[in-house]
Every structure is written in structure tokens, then in C-alpha cells.
Amino acid sequence: MHQKLLLLACSAIICQHAFCWGFYAHKEINHHAVFLLPPAMMVFYKPNIDFITEHAVDPDKRRYMVTAEGPRHYIDLNRYGSYPFDNLPRAWYNAVEKYGEDSLMAHGIVPWWINIMLQRLTKAFSEKNHSAILKLSAEIGHYIADAHVPLHAHSNYNGQQTGQQGIHGFWESRIPELLAKTAFDYFIGKAQYLSNPRQFMWQRVLESSAAADTVLYVEKALTEQFSPDLKYAFEERNGIIIRQYSSVFTIAYDQGLQGMVERRMRQSIFAVASFWYTAWVNAGQPQLQPLANISLSETDKSTFETLDRIWKTSDPKGRTCGN
Ligand SMILES: [Zn+2]
């Protein structure tokens, strides 16, 4: 009986909605990125900061609706040999030629997808398309943030190969939710123009991949020092009491990682703001003030309602962070 209860509680940890960076962190990243922008962009982004924040999580919601969405959030770099994976062509067409599109899709495409999103955002700025700028800004922020998560660059993405199921949400949801408000520093400076955004993003993904082993190893080593009673606890999350990694274990893990989660969150914020800024500069720095207070169309609103409804009522298609 006792064992059965334990099993139920453990599966609750594994099966609870787990999202890339967690909804909380994604929203924080987009929100804080706005404050790194120059005044000529701030006039548009500041009045729309609630949209940019709320819609940071749309790509994860879309995973419940569209099968092709999943691979846009990760890349299992370790499938391509060893660091720095020189065998893997950085240009999409060369990579397709070498591995085939199906194989690339199976292992995730996040760095290439960010490049597509950057082109779309640049076009939206050129056309001064208010709603496209908003939607694409919010969404590219999501993918850029995902690319900064070590377990988004590794096939053992939820510790499923090493008996560490749940570690994905532990790293990217539990730690920020417990510590970001009180212990993380978001003073980051200013967005920078990226002369080679593609290379920049590959560098960040490689860093993620290099950190994945540490993410897994530190948790494993710490688990040996904690009894299950101390590792897990019934604590409050989003107003509900659930069994999850205890605060003590979470803080010890964060310390063992030597600030990695905060560092990756800060780097995500800088990268998101810099991609927005780069798209705007490449589009010829259009005047954004006239677009600042336009409302979204009814079609846009109903699309968001559908996305929300399907996310709440359906199962995810393909891989999510927690399965
Ligand atoms: Zn994601």
C-alpha cells in the first residue's frame, strides 16, 4: 500500500504539465527583455508588454494542436557525434542534404527555426505589420529561451535514460519559480545588434549542450545525499499543494549548479532583446510609435482563444519536456 502511494506521488511529479522553461520563466524572460530595448523600440514594446509576456508561451500551447510544432523547441545535439558537432552542417540545406529532413525533424530543429522566425520578424517590421510584430516577437522569444536550456540540446531531455525522470521541469520550472523573484538579478544592460545571429544562436545551443552533463550529474550526486523524504515534499505550487522536489533539495541543486539557471535566464533575456533589435535594424529601423496602440483584430483574438481551449482540453502531440 505504502509503495503504491509512493508510486502515485512520483508519477504525479513526472506527469504534471511540464513546459519548456516553464510558463513562469518564459513570461519573465520576454517581460524583462523589453527593458533592454532602445527608446525607439520601447515606445512600441512597453505599451504591449502584457501581450509580449502572456504570449511567450503560445508555442508550447501550439504543441497540443500541431504535430510539427514539437521539434522547433529543441535539438538533440548528442545524436550528431561529440562536441562541437562539426559533422552537423549549420546551414539547413546542407544539413538536409546530409541527414535528410525526417531525421533532422526527429532530433529537433530549434536553431534553424529561430533563423526562420528572425526573417519573419524582420519582414513584419519592414511591412509595419503591428500584429505580426507582436506575435513574432513573443514567439521568437520563446524559441530563443528554449535554446538556452541544456536539456533542450540533449536526447536525455527528461533524465529518462538515467532514472532521473522529472529533471527537465525541475531545472527550468521549479528553480525559477522558487528563486527567480527573490534571488535572481535581472539588471542586464542593453540589447546589442547581432551581425551574425545564426552563429550567435549556434554558439548558445552548443553551450546548452556542453552544460547538459552537469545538469544530470549534479542531480544524481545530490540524490545520493538526500533520502526520498527530503528530496520530495508536499509544497505549494501555483496555489495547489503537490508533491514535488522539496525547497531544500531545490536550493541545494541550484547551488550545486553554481548559478547556471540564473545565468541562462539572463543570457536568454539578452538574446531575446538582441534578436528583436537586430530584426528592427535590419528592417531599416521603422518608426514604431504610430503602431503602439492599435488593437488586435477579432480574427487574432479568436485564434488565441482556440489555441488556449485546445491546450486546456487536449493531449500534447509528440515530445513535450516532461515525457
Ligand atoms: Zn518550448
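What pLDDT does the protein average, and what share of the residues score at least 70? The protein averages a pLDDT (the predictor's confidence in each residue, from 0 to 100) of 90, and 93% of the residues reach at least 70. Over residues 1-19 the pLDDT is below 50. This stretch has 19 contacts in the model beyond near neighbours in sequence, a contact being a pair of residues whose C-beta atoms, placed from the backbone, lie within 7 Å. The model is predicted: local features need pLDDT of at least 70, side-chain atom pairs count only at pLDDT 80 or more, and totals for chains, interfaces and linings use all residues. Residues are numbered from 1 along each chain as its sequence is written.

The protein has 15 helices and 2 strands; helices (H or I, at least four residues) and strands (E, at least two) are DSSP runs, numbered from the N terminus. Its C-alpha atoms fill a box of roughly 65 × 45 × 40 Å along the principal axes. The radius of gyration is 20 Å, which agrees with the value near 20 Å for a compact globule of 323 residues; the radius is taken over C-alpha atoms, and the globule rule is 2.2 Å times the number of residues to the power 0.38. Among contacts between residues at least 6 apart in sequence, 80% join residues at least 24 apart. Buried residues make up 40% of the 323 residues. A residue is buried if 20 or more other C-beta atoms, placed from the backbone, lie within 10 Å of its own, exposed if 12 or fewer, and partly exposed in between.

The largest nonpolar core holds 69 residues, of which Ile 114, Val 272, Ala 273 and Trp 276 touch the most other members. Elements giving two or more residues to this core include H2, H8, H11 and H13, while H14 supplies the largest share, 12 residues. Such a core is a set of buried Ala, Val, Leu, Ile, Met, Phe, Trp, Tyr and Cys residues joined through C-beta atoms within 7 Å. Not counting residues up to four places away in sequence, Ile 114 touches Ile 140, Tyr 143, Ile 144, Ala 147 and Met 201.

Helix H10 (residues 167-183) has a kink of about 50°, centred on Pro 176; the bend at a residue is the angle between axes fitted to the seven residues ending there and the seven starting there. The end C-alpha atoms of H10 are only 21 Å apart, whereas a straight helix of 17 residues would span 24 Å, the expected span being 1.5 Å times one less than the number of residues. Among the buried residues of H10 are Phe 170, Trp 171, Ile 175 and Pro 176. The buried residues of H10 pack against helices H2, H11, H13 and H14 and strand S2 (240-245). In H14 lies Glu 262, whose C-alpha atom is separated by 9.0 Å from that of Leu 179, 83 residues apart along the chain. Glu 262 counts as partly exposed, with 19 C-beta neighbours inside 10 Å.

The loop between H5 (58-62) and H6 (92-99) contains Pro 84, and the peptide bond from Tyr 83 to Pro 84 is cis, with omega near 0°. Phe 85, in the loop between H5 and H6, has a positive phi of about 55° although it is not a glycine. Phe 85 is partly exposed, with 19 other C-beta atoms within 10 Å. Gln 258, in the loop between H13 and H14, has a positive phi near 55° and counts as exposed, with 11 C-beta neighbours inside 10 Å.

Methods: Contact = placed C-beta atoms within 7 Å.
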